[in-house]
Amino acid sequence: MTPAERLQAVAEASGLGPEVDQIGQALRLDQADKMVENVIGLFQVPLGIATNFLIDGRDILIPMATEEPSVIAAASNGARMARGGGGFVTSSTGPVMRAQIQVTGVFDPYGAKHLILEHKDELMKMANDKDPLLVKYGGGAVGLEVQVIDSRVGPMVVAHLLVDCRDAMGANAVNTMAEALAPTVERITGGRVYLRIISNLADRRLARARAVFPKEDLGGEEVVDGIIQAAALAEVDPYRAATHNKGIMNGITALVLATGNDTRAVEAGAHAYAARAGLYSSLTRYEKNSNGDLVGTIELPVAVGLVGGATRVHPVAIGAVKLLGLKSADDLSRIVAAVGLSQNFAALRALSTEGIQRGHMTLHAKNIAAQVGAKGEQIDIIAAKMAAEKKITMDRAAELLRELEA
Ligand code: NAD
């Protein structure tokens, strides 16, 4: 299909009709100029659709913005293999973020901790007074925790304000609250507040997904065993875990970006969560069930919103949210988790069988052809020839281009 035909197919499959056009609309320069500073142009990234996703019983087309070939194909492939086991089933903790308020220069840090906790109700009310709209939508401060941390420059008391952010990612919302609380925290403790800002280690905003991949669909129990061996290394070896989690983020970042959300916030949260036990580890787990099928699970912080940030400004993000049929930011966070699991499973399956390069390079062949200067149809001809020869290199692409132009 051509991109226009695909968009038409997406409009029909999603039932959105012409409404889906928004997803194919580029950001305008005047819109971009209102988003960030010193704008001189736009940097575009391809937007594709991952298929086959069955999530909590619902068929969902996944918009993915990525520059990397094979990511969308692999996500779709993983989702196809999850269908036999009923697709992805998700859950979450709900959308609670933390703001940190750092108090220094107190003589009695544990006494200061208790003093802050004694003023919990007053501090939470003060936070909520800063964002009546968030409270109206059912969010707002839900808790206060205080830690005493021994640092290189002495003990610090760090208050954590927990805020239910509902459909907002929440950084601006909780930062505003933390700044508002700071003078009162100083008065209560007699200390000096420096930092007052969100933590991206959003461990109260976890999203989870689970899928059963039937062994027959994977190529037999040997493949199941291979995936478990590969995944076990990522649990205990940071060198492997970094690449394993990078593969998860291939899918997650593409979806987060397509919805206009903050990719860095989600990435920081994911990697910090992966290291929470002191050893950087994998965000997924794989096991074999009593039937010999593969059970894959993922859990990670996913701080995404449907209001705030760029989510309601960028036309493609608005279209992507419509296409996903989202009712809440929590819905989006759980779909993000399912996409991460699918992406990771597809990579592990390829790694445990034929290796990752065959599929990857076949899809990368067009980029290689374009890099040596092929244009239009030449790109398809050269890519197909290299894929058939199983020799996908720049040298070969250049040779084929010379032959075509001779
Ligand atoms: P925001 O301030 O633009 O919007 C959030 C506000 O929307 C809420 O405070 C609330 O008043 C209102 N609102 C309306 N309807 C709502 C609903 N249904 N649910 C919840 N709130 C509703 O955005 P934000 O989400 O607070 O902040 C996100 C932005 O902050 C992103 O652009 C992100 O890049 C940026 N940021 C991130 C960090 C970080 O992650 N460390 C730090 C600073 C800024």
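Because the model is predicted, local features need pLDDT of at least 70 and side-chain atom pairs count only at pLDDT 80 or more, whereas totals for chains, interfaces and linings use all residues. Residues are numbered from 1 along each chain as its sequence is written, and side-chain values use heavy atoms, with hydrogens and water left out.

## The shell around the ligand

The ligand is surrounded by 21 residues, the closest being Asp-131, Gly-170, Ala-173, Asn-200 and Asp-262, where a residue is near a molecule or strand if one of its heavy atoms lies within 4 Å of it. By class, this shell holds eleven nonpolar, six polar and four charged residues (Ala, Val, Leu, Ile, Met, Phe, Trp, Tyr, Cys and Pro count as nonpolar, Asp, Glu, Lys and Arg as charged, and the others, Gly among them, as polar).

H7 gives the most to the shell around the ligand, with four residues; helices (H or I, at least four residues) and strands (E, at least two) are DSSP runs numbered from the N terminus. Domain 1 (3-91 + 206-353) and domain 2 (96-199) each supply at least three residues of the shell, with domain bounds taken from an automatic or database domain assignment.

## The second largest pocket

The second largest pocket holds about 1,000 Å³ of space. On a 1 Å grid over the protein atoms alone, a pocket is an open set of points with protein on both sides within 12 Å along at least five of seven lines, a cavity is a set where a 1.4 Å probe fits but cannot get out, and lining residues have an atom within 4 Å of a point. Grid points are joined across faces, edges and corners, and a volume is the space filled by probe spheres set on the points.

Of the 25 lining residues, Arg-6, Pro-46, Leu-47, Gly-48 and Ile-72 lie nearest the centre of this pocket, and H1 gives the most to the lining, with five residues. The second largest pocket lies between domain 1 (3-91 + 206-353) and domain 3 (359-405), because both give residues to its lining.

## The cavity

The count comes to one cavity of 30 Å³ or more, and the largest cavity holds about 40 Å³ of space. Among the residues that line the largest cavity are Arg-166, Arg-205 and Asp-330, and H13 provides the largest share of the lining, three residues.
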